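Subject: Structure handover

Hello,

Here is the structure for your files. My notes follow below.

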Amino acid sequence: MNQSVSYRSGRSKRDSAKRSSAPTFVELFTPKIVTVFREGYGLGDLRSDIVAGLTVAIVALPLSMAIAIASGTTPDRGLYTAIVGGFLVSLFGGSRFQIGGPAGAFIVLVAATVDRHGIDGLILATLMSGLFLVAAGFLRLGTYIKFIPYPVTIGFTAGIAVIIFASQVKDLFGITLAGKEPGELIPKIETLAGAIGTTNLSAVAVSVMTIAIIVGLRKWRPNWPGMLIAVAVGALAVWVFGLPVETIGTRFGGIPESLPAPAVPMWSLEKIHAVFPDALAFTLLGAIESLLSAVVADGMSGRRHRSNCELVGQGIANIGSALFGGICVTGTIARTATNVRSGARGPIAGMLHSAFLLLFVLIAAPLASFIPLATLAAVLAVVAWNMAAKHEFATLVRSSWGDAAVLLATFLLTIFRDLTQGIVVGFALGSILFIHRMAQIAEIEKHVPLAVEDESDLREDRTRYDTSMARDTDVTVYRITGAFFFGAASTIGAVLDGLLTDRKALIIDFTEVPFLDSTAANVIGRAAAKAHKRKMRVYLTGTSPGVRRELFKQGARPPFVEYDTDIERAYAKFKGRAALAAATS
């Protein structure tokens, strides 16, 4: 089964009853790689992890260099970040599938830090951020970072996407500037518009070709590594036809053919004080991005990460990246999702992804000199388009005035001020909105903690992870955990719309849902009606009588849906019908 992102807003009573005692400190901070080996790790698991690691490395290779260049550093620093940071994230993290490396979300912050403090200041801020993340993990603050409101997440993600795209316009069009490109959005646009006459048509052609290859392969050959193929074709075209465009070689002189020796960055009390705000910004965004990525992996796989252990792993990875001259490390959603879909068994896949990238540096580094910057800019333009969360943005704007206000405040502040202000103000507004909404339903469900605590991997009820379940292309499973009310309705509605694809069945699990209101039930009813039109079966499992009653009122009833006790029974029922239909045919 292919599980999608789960929604979790609190622990249910049943979940609390599972644990006879609180997990110990050692259990909470034991890396997931230890859990995987405890469950048993064989040759077949290693083969799966090799395939997944190679697949992710192919995706990470062009992205790591493109993100580093867009951040105002050299492409080799992006590779060092993915190699060292990615390895340490998988080795020490609390998520089974997390892939660490440089992330597009950091481009704005990293570029601003380089502009203010230089490369040495960036590396020092990265090291300090790593220490802060380790401290946050041991102080168990990871649980509460999950409280970032959804409109805030969409707002700053969309804002970052706009800024990333704007930062790539110069290389996309091969524009030549007389001076330095401004960092602020409005001055940047004015400067680029003034220099539009210097556009390099060869660079434009390379950019258009790159985007066309990526988009085309995603549509017709989705399993092919579109970004890597596009980069290779772009480099080949520039070399064969001698196109007059900038390449990694002409601007940076290529990339080194080995890792640098580890070294502590230059520091002083004055320097620490100067980069302290940047280090805090790295910490905040790194924690949010990492845990969001881990939650995505949880939903796809049906497992659960330990947020505080993950923060410690991310901190160690940032420290290691800084020592080797890399930039900020965080969990990367696209690469992590690719890891799960490729059949990864555990953290070994992430470590192998770093090893494959290291092999590229050791063996094929000279080839990177031929990669045109227009191609890498086109790759990031596609990344920005995917990051923009356009459907979710539109859904939130239409959902309610409160969500729209939080979303737009975060989005506009991110674009026109800075990311930190956007997150802080958006979080404050979101908190006020959350308090207002919870006041209306406070009496419905008592005894539900505000945050989902981390759990031990030694619980007796844990089951071994089955990678075959993640590969079933016929069924999608979606788990909802906690009170499902109107504040989450637009979020889950947008996700369910995305799940109504060409798959044959959708299983929505309500086992951990203590209650839902009419708005939430209406979301399920509308999704079921859409699925019915597409001849897609929908199973609702684990519903209590009260939840089932509300769902019936809003149209979630036969023949649009079927009810069952748990996911396994619903899955078996669907597979039995599929087998019978195949035999009859």
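Of the contacts (heavy atoms within 4.5 Å) between residues at least 6 apart in sequence, 85% join residues at least 24 apart. This is a predicted model: local features need pLDDT of at least 70, side-chain atom pairs count only at pLDDT 80 or more, and totals for chains, interfaces and linings use all residues. Residues are numbered from 1 along each chain as its sequence is written, and side-chain values use heavy atoms, without hydrogens or water.

The protein has 24 helices and eight strands. These are DSSP runs numbered from the N terminus: helices are H or I with at least four residues, strands E with at least two. Of its 585 residues, 55% count as buried (under 20% relative accessible area, 1.4 Å probe, protein chains only). The accessible surface is about 24800 Å², with 66% from carbon and sulfur atoms (Shrake-Rupley, 1.4 Å probe).

Strand β5 spans residues 475–481. Seven of its seven residues are buried, so the rest of the structure largely encloses β5. V475, V477, R479 and T481 are buried on one side; T476, Y478 and I480 are buried on the other. β5 runs parallel to β6 (residues 505–512), with six bridges between them. Pairing takes at least two DSSP bridges. T476 has L506 of β6 as its bridge partner.

T338 sits in helix α15, residues 333–341. T338 counts as buried because its relative accessibility is 13%. A polar atom of its side chain lies 2.9 Å from the backbone oxygen of A334. Beyond neighbours within four places in sequence, T338 contacts T55, V56 and V59.

Best wishes

Methods
Buried < 20%, exposed > 50% of the residue type's maximum accessible area, 1.4 Å probe, protein only. Polar contact = N/O pair within 3.5 Å; in protein donor to acceptor, adjacent residues only side chain to side chain.
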